[in-house]
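Colleague: I have a structure open that I have never looked at before. Can you walk me through it?

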Amino acid sequence: MSTRNHSHPASHSLSSPKSPTAIMMDRTLSSRRSQPYSDFDFPSSSSAAVASSSSALSPIPRSPTFLSDDESKTKKPHLYLLATNYISRFGLVKSPCLCLSLCLIFIVFGLFSLMLNSRSFVCVSTYDPISRVSLFGLDGVDSDFGSLGVPWCRSKHGKTVEWTSKDLINGLEEFVPIYEIRPIKNNMYGMGFDHSFGLWFIARWLKPDIMIESGAFKGHSTWVLRQAMPDTPIISITPRHPEKYLKKGPAYVDENCTYFAGKDFVDFGSVNWEKVLKARGISDFSRVLVFFDDHQNELKRLKQALKAGFRHLVFEDNYDTGTGDHYSLRQICDQFYIRGGGHSCFRDSDEARIRSKRKKFWEKAVDTDELCGPHEAWWGVRGEMRDNFNHNKTIISYGEHFQNSRFVESILDVYWELPPTAGPSLTHQTRYDPGRAPPPIVEDGRYRLFQRLGLDRLERSVFNGYTQMVYLQISEPES
Ligand SMILES: C[S@@+](CC[C@H](N)C(=O)[O-])C[C@H]1O[C@@H](n2cnc3c(N)ncnc32)[C@H](O)[C@@H]1O
């Protein structure tokens with residue numbers, strides 16, 4: 001077991017009670033079981049689940065943002081009527097000065113009244129972040145993270161990570177200034193802030209001997225890994241070398257990184273890892289961090305990583321059921337026996353109604369039509385196990401889907417989903433549905449903390465890419 005200590009200035013503020021020479025597993029494991037999930041389950045076919053979800057969501061239909069256009073319009077004539085009445089009275093006033101003064105008073109009054117009533121006045125845009133604020137109450141403190149249930153994968157012995165929310169907050173404080181100087185400012189199709197932070201935090205906590213990434217695009221994630229571990233070698237597998245993007249704009253090419261790219265590209269599953277790592281002096285595969293952002297079936301990647309002997313994996317796009325271009329851990333573990341797991345395709349159900357309401361607010365929320373394929377298949381994406389950017393898809397039965405989750409559970413030591421950075425009333429994100437996410441690191445209403453961490457300095461768009469990045473620890477099934 002290697003005991004190298006990759007010390008660098010940034011590593012001191014993350015308080016780990018263990019010695020820096022402790023093995024990676026020791027650093028990440030704890031017998032504490034985090035329970036970040038809400039008491040409310042996503043409605044399943046069982047009536048009890050339906051009832052609890054409905055109650056969780058009951059404030060939403062009462063929210064003024066759910067006024068239909070017609071309802072909002074009904075308020076307009078009310079103010080016009082008042083103004084008309086007042087003006088018609090002015091006509092009776094003989095003095096032009098008095099009339100003018102009264103006019104001014106009524107204009108000021110009208111504007112003031114318009115300001116007060118503006119939310120119920122305007123037709124609410126589906127993705128208008130300001131109207132969304134009313135979802136959280138007046139001061140934005142009352143959001144509904146986890147209210148629809150957050151499926152998660154059970155690990156063999158119920159272990160979870162060692163780091164706490166305080167560690168995450170300390171990490172955020174350090175990472176924001178680093179993120180601000182990133183070379184690729186516009187990383188559309190790549191990671192945004194939440195996942196960049198998650199990858200940086202995990203890599204820095206684990207302090208691996210080598211980092212492998214599959215799917216580099218312009219090199220932003222390579223840059224993030226480099227910020228976490230300044231001296232650690234990286235192997236980056238990606239069909240197109242990031243240097244190719246330099247011709248068109250910002251990209252990142254790392255000096256201490258071996259690229260399996262361009263003509264040297266080999267898929268992760270076909271690399272002879274024994275040989276490649278031995279050549280770099282690495283014999284302990286449990287001190288390697290593997291990061292996947294290559295949009296491949298995560299079950300396939302999991303099996304390949306297990307076969308090679310890797311233990312620490314991060315998957316960037318851990319898509320929720322019904323979304324995404326590849327079969328993900330979150331999808332695999334979406335099962336009836338898990339909180340928030342298992343779904344109903346019945347169109348006249350509470351679940352269907354709740355889904356269509358959520359869809360109006362959150363771009364990535366899925367309604368029942370999107371969720372369900374032929375024969376009421378809701379697992380994966382409409383019963384499909386997707387792979388390779390959805391270029392390959394295999395229809396699987398529920399039985400196969402169920403067996404996949406049993407296999408995953410048999411090899412999982414740790415499953416940890418990165419929480420979103422902050423609540424939507426702070427970030428103004430409009431894409432992921434908080435009802436399907438664990439509570440954020442900075443909760444809605446904690447604007448001063450958000451500001452203290454420097455998060456208010458970042459552009460809003462960087463918070464739109466959250467897709468439940470997950471950290472896994474795996475080992476061979478126990479006999
Ligand atoms: C979403 S992008 C990666 C974004 C990057 N990690 C970032 O945050 O900036 C996905 C990348 O995976 C690459 N890719 C496609 N097939 C791949 C494969 N089989 N193995 C590794 N990378 C692959 C694509 O070319 C693309 O560059």
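Modeller: Start with helix 10 (220–228). Eight of the nine residues of helix 10 are buried, so helix 10 is largely enclosed by the rest of the structure. Buried means that 20 or more other C-beta atoms lie within 10 Å of the residue's own; exposed means 12 or fewer, partly exposed is in between, and C-beta atoms are placed from the backbone. This is a predicted model, where local features need pLDDT of at least 70 and side-chain atom pairs count only at pLDDT 80 or more, while totals for chains, interfaces and linings use all residues. Residues are numbered from 1 along each chain as its sequence is written.

Colleague: Which residues in helix 10 are buried?

Modeller: His220, Ser221, Thr222, Trp223, Val224, Leu225, Arg226 and Ala228. Helices (H or I, at least four residues) and strands (E, at least two) are DSSP runs, numbered from the N terminus.

Colleague: What do the buried residues of helix 10 pack against?

Modeller: Helix 9, strand 3 (210–214), strand 4, strand 5 (257–261) and strand 6 (288–292).

Colleague: Take helix 9, then. At what angle do the axes of helix 9 and helix 10 cross?

Modeller: At roughly 40 degrees, and the axes come within 8 Å. Axes here are lines fitted to C-alpha atoms, for helices over the stretch in contact, and angles run from 0 to 180 degrees between N-to-C directions. The crossing of helix 9 with helix 10 is right-handed. A crossing is right-handed if the near helix is turned clockwise from the far one by less than a right angle, and left-handed if anticlockwise.

Colleague: Which residues meet there, helix 9 to helix 10?

Modeller: From helix 9, Ser196, Leu199, Trp200, Ala203 and Arg204; from helix 10, Ser221, Val224, Leu225, Gln227 and Ala228. Those residues divide into six nonpolar, three polar and one charged. Ala, Val, Leu, Ile, Met, Phe, Trp, Tyr, Cys and Pro count as nonpolar, Asp, Glu, Lys and Arg as charged, and the others, Gly among them, as polar. Two residues are in contact if their C-beta atoms, placed from the backbone, lie within 7 Å.

Colleague: And how do helix 8 and helix 9 cross?

Modeller: The axes of helix 8 (residues 165–180) and helix 9 (residues 193–206) come within 10 Å and cross at roughly 115 degrees. Helix 8 and helix 9 are therefore roughly perpendicular to each other. For such labels, 65 to 115 degrees is roughly perpendicular, under 35 roughly parallel, over 145 roughly antiparallel and the rest oblique. The crossing of helix 8 and helix 9 is right-handed.

Colleague: Which residues of helix 8 meet helix 9?

Modeller: Leu168, Gly171, Leu172, Phe175 and Tyr179, which meet Phe193, Ser196, Phe197, Trp200 and Phe201 in helix 9. The residues of this contact are eight nonpolar, two polar and no charged.

Colleague: Switching to the ligand. How many residues surround it?

Modeller: 21, and the closest are Gly190, Gly215, Phe217, His220 and Ser221. Helix 10 and strand 4 (234–238) are the elements that give two or more residues to this shell. A residue is near a molecule or strand if its C-beta atom, placed from the backbone, lies within 6 Å of it. By class, the shell has seven nonpolar, nine polar and five charged residues.

Colleague: Which residue has a positive phi without being glycine?

Modeller: Asn390 is one of them, with phi near 65 degrees. Asn390 sits in the loop between strand 8 (384–387) and strand 9, and counts as partly exposed because it has 13 C-beta neighbours inside 10 Å. His428 also has a positive phi, about 65 degrees. His428 is in the loop between helix 17 (424–427) and helix 18 (447–452).

Colleague: Last one. How many helices and strands does the chain have?

Modeller: 18 helices and 11 strands. Buried residues make up 43% of the 479 residues in the chain. Among contacts between residues at least 6 apart in sequence, 71% join residues at least 24 apart.
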